[in-house]
Amino acid sequence: MAGYNILLGVDFNEPALKTFAYNHNGSKTLCGDLSVNDTFNAIDSLIEGQTIDVIIGGPPCQGFSLTGPRKFEDERNKLYLAMIEAIHKYSPKAFVIENVPGMATLYKGEVKNEIIKRLTAIGYSVNCQILCAADYGVPQIRKRLVFVGLRNGEKYEFPKPTHTPDNYVTCEQAISDLPSLETVLGADESEYEAAPITEYQRLMRGSCNVLYNHKAIDHKDFVKETIALVPDGGNYKDLPQGVGESRKFNMAWTRYCSYKPSRTIDTGHRNNFHYKWNRCPTVRESARLQSFPDSFVFLGTKTQQDKQVGNAVPCLMAKAIGEQLLKYISNKSK
C-alpha cells in the first residue's frame with residue numbers, strides 16, 4: 001500500500017504464508033523459524049542477487065504481553081534477537097519492528113532499552129514510539145510499540161496523526177454496508193447488497209466487486225438470544241441476572257460500539273459481537289476494522305483466518321509508517 005516491492009515473507013505459520021503469497025503476487029515465502037541458523041541459509045538462496053532496503057517484522061509478542069506471562073527468559077522472546085541478527089546480516093537501509101506497548105515499560109524499560117542498544121551497536125539510529133491505529137484512520141483502538149532504525153544516521157520522525165478522537169472512524173462507518181447475514185450464513189465469495197455509504201467504505205472497497213470472507217458463525221439460539229440482550233457498546237454487565245453466567249471476564253459478551261472505533265481485534269472473536277446483528281463478526285468485518293482492503297483475501301479455515309486478521313498490524317497505520325520511511329531511504333540514503 002505504501003509502494004514497496006516485497007521480496008520475501010518469512011513465518012512459521014503455513015496458512016498465513018498461503019494468504020501472504022496469494023495477496024502478494026511475485027513475492028516468495030519461507031516457512032521457518034528465524035531463530036534457527038538454517039533459516040538464514042534458506043533466505044540467502046531465495047533472495048540471491050537482490051538488494052534488501054528494508055526489513056520489517058513483528059517478533060512474537062506473547063512473552064511481553066500484559067495479558068500473559070511476562071518472563072524475561074521466555075523462549076518466545078528470543079525471536080526479537082533473531083530479528084536483530086537478520087538486520088545485522090543483511091544491513092538494510094532501514095528496519096521496522098512492532099510489538100505490544102507493554103514492552104516499553106516491561107522490567108522498567110529493560111527490554112526496550114536492550115533492543116535499542118543492540119541495534120545502535122550495529123550502526124542504526126533508532127527511534128521508537130507507541131502509536132494508536134485510530135490516529136491513522138483505522139476504526140480500531142489498537143496501540144503498538146514501533147521501532148524504526150535508519151542506517152544513514154538520520155532520526156526517523158513518526159508520521160503525524162491524520163485523525164483525532166473527534167473524527168475517528170467508527171464501527172458503523174466501517175462495516176455498515178456489509179450484508180447483515182440475518183437469514184443466510186454468507187459464503188467465502190458473495191456479492192455486496194448495498195452501495196458504500198461512507199468514505200472509509202469506499203476506500204476499503206476500491207475497485208473490488210466480489211465480497212470475500214463474509215461468512216457468519218451459525219450460533220445456537222440461546223447464544224443469539226443472549227447477544228440480543230446486550231445493548232450497543234455493552235457487555236456482560238448489561239445482562240439480566242442469571243443470564244450469560246458462564247462468561248464473566250472483562251471482554252465477555254461485548255458488543256462493538258457503533259459510534260466508536262472497535263477495541264483491539266484479537267485472534268478469537270468469540271466474545272465480541274456486531275454492534276447491531278446478533279452474531280460474531282465475520283472475517284471480512286474484522287478485516288475492515290483492521291483496515292484491510294476488501295480485495296485482500298484470507299485463506300484457510302475460519303479459525304486460521306481469524307488468527308491472521310488478529311495478528312496483523314493495521315494496514316493504514318503500517319502504510320503511514322511506510323510512506324514516511326520512503327522519505328529517508330530514497331537515493332540520497334547511504
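Here are some numbered notes on a predicted model, for someone looking at it for the first time.

1. Four strands make an open sheet in the order 3-4-6-5, and the pairing is mixed. At the edges you'll find strand 3 (54–57) and strand 5 (125–132); each has a single partner strand, so one side of each has no neighbour in the sheet. On average, neighbouring strands here are turned by 15° against each other, direction ignored.

2. Strand 3 and strand 4 run parallel and share four bridges, and Gly57 sits opposite Ile97 of strand 4. Next come strand 4 and strand 6, which are antiparallel and joined by six bridges. Here Glu98 faces Val146 in strand 6. Finally, strand 5 and strand 6 (residues 143–150) are antiparallel too, with eight bridges between them. Cys128 has Phe147 of strand 6 as its bridge partner.

3. How many of its residues are buried? Six of six, so to speak: strand 4 is mostly covered. Both of its faces are covered, with Ala94, Val96 and Glu98 buried on one side and Phe95, Ile97 and Asn99 buried on the other. Notice that Glu98, the residue opposite Val146, is on this buried list.

4. Two helices lie across the sheet strands. Helix 3 (residues 79–90) lies across strand 3 and strand 4 (94–99), and runs at about 170° to strand 3. Helix 4 (residues 110–121) lies across strand 4, strand 5 and strand 6, at about 145° to strand 5.

5. Next, the second largest pocket. Rolling a probe the size of a water molecule over the atoms shows where empty space is left. The second largest pocket holds about 330 Å³ of space. It is lined by 16 residues, and the closest to its centre are Tyr136, Gly137, His163, Leu203 and Leu316. Two elements give two or more residues to this lining: helix 6 (199–205) and helix 10 (315–326). Which helix gives the most? That is helix 10, with four residues. By type, the lining divides into seven nonpolar, five polar and four charged residues.

6. While you're at helix 6, find Gln201, which is part of that helix. Is Gln201 buried or exposed? Its relative accessibility is 0%, so Gln201 counts as buried. Setting aside neighbours within four places in sequence, Gln201 touches Glu172, Gln173, Ala174, Ile175, Ser176, Asp177, Pro196 and Arg288.

7. A couple of backbone angles are worth checking. Most residues other than glycine have a negative phi. Ser91 is not a glycine, yet its phi is positive, about 45°. You'll find Ser91 in the loop between helix 3 and strand 4, and at 32% relative accessibility it is partly exposed. Asn213, also not a glycine, has a positive phi of about 60°. Asn213 belongs to strand 8 (residues 211–215), and its 4% relative accessibility is under the 20% limit, so Asn213 counts as buried.

8. Have a look at Leu185 as well, in the loop between helix 5 (171–175) and strand 7 (186–190). With a relative accessibility of 37%, Leu185 is partly exposed. Beyond its neighbours within four places in sequence, its contacts are His214, Lys215, Ala216, Ile217 and Asp218. Where does Leu185 stand relative to Ile115? The two are 70 residues apart along the chain, and their C-alpha atoms are separated by 46 Å.

9. Last, Arg263. This residue is in the loop between strand 9 (254–255) and strand 10 (272–273), and it is partly exposed, at 40% relative accessible area. Arg263 and Cys171 are 92 residues apart in sequence, while C-alpha to C-alpha the pair is 9.8 Å apart in space.

Definitions and conventions: Residues numbered from 1 in each chain as written. Predicted model: local features only at pLDDT ≥ 70, side-chain atom pairs only at ≥ 80, totals over all residues. Heavy atoms only, no water. 1 Å grid on protein atoms, 1.4 Å probe; cavity = no way out; pocket = protein on both sides within 12 Å on 5 of 7 lines; lining within 4 Å. Points joined across faces, edges and corners; volume = space filled by probe spheres on them. Nonpolar A, V, L, I, M, F, W, Y, C, P; charged D, E, K, R; others polar. Pairing = 2+ DSSP bridges. Axes fitted to C-alpha atoms, helices over the stretch in contact; angles between N-to-C directions. Contact = heavy atoms within 4.5 Å. Buried < 20%, exposed > 50% of the residue type's maximum accessible area, 1.4 Å probe, protein only.
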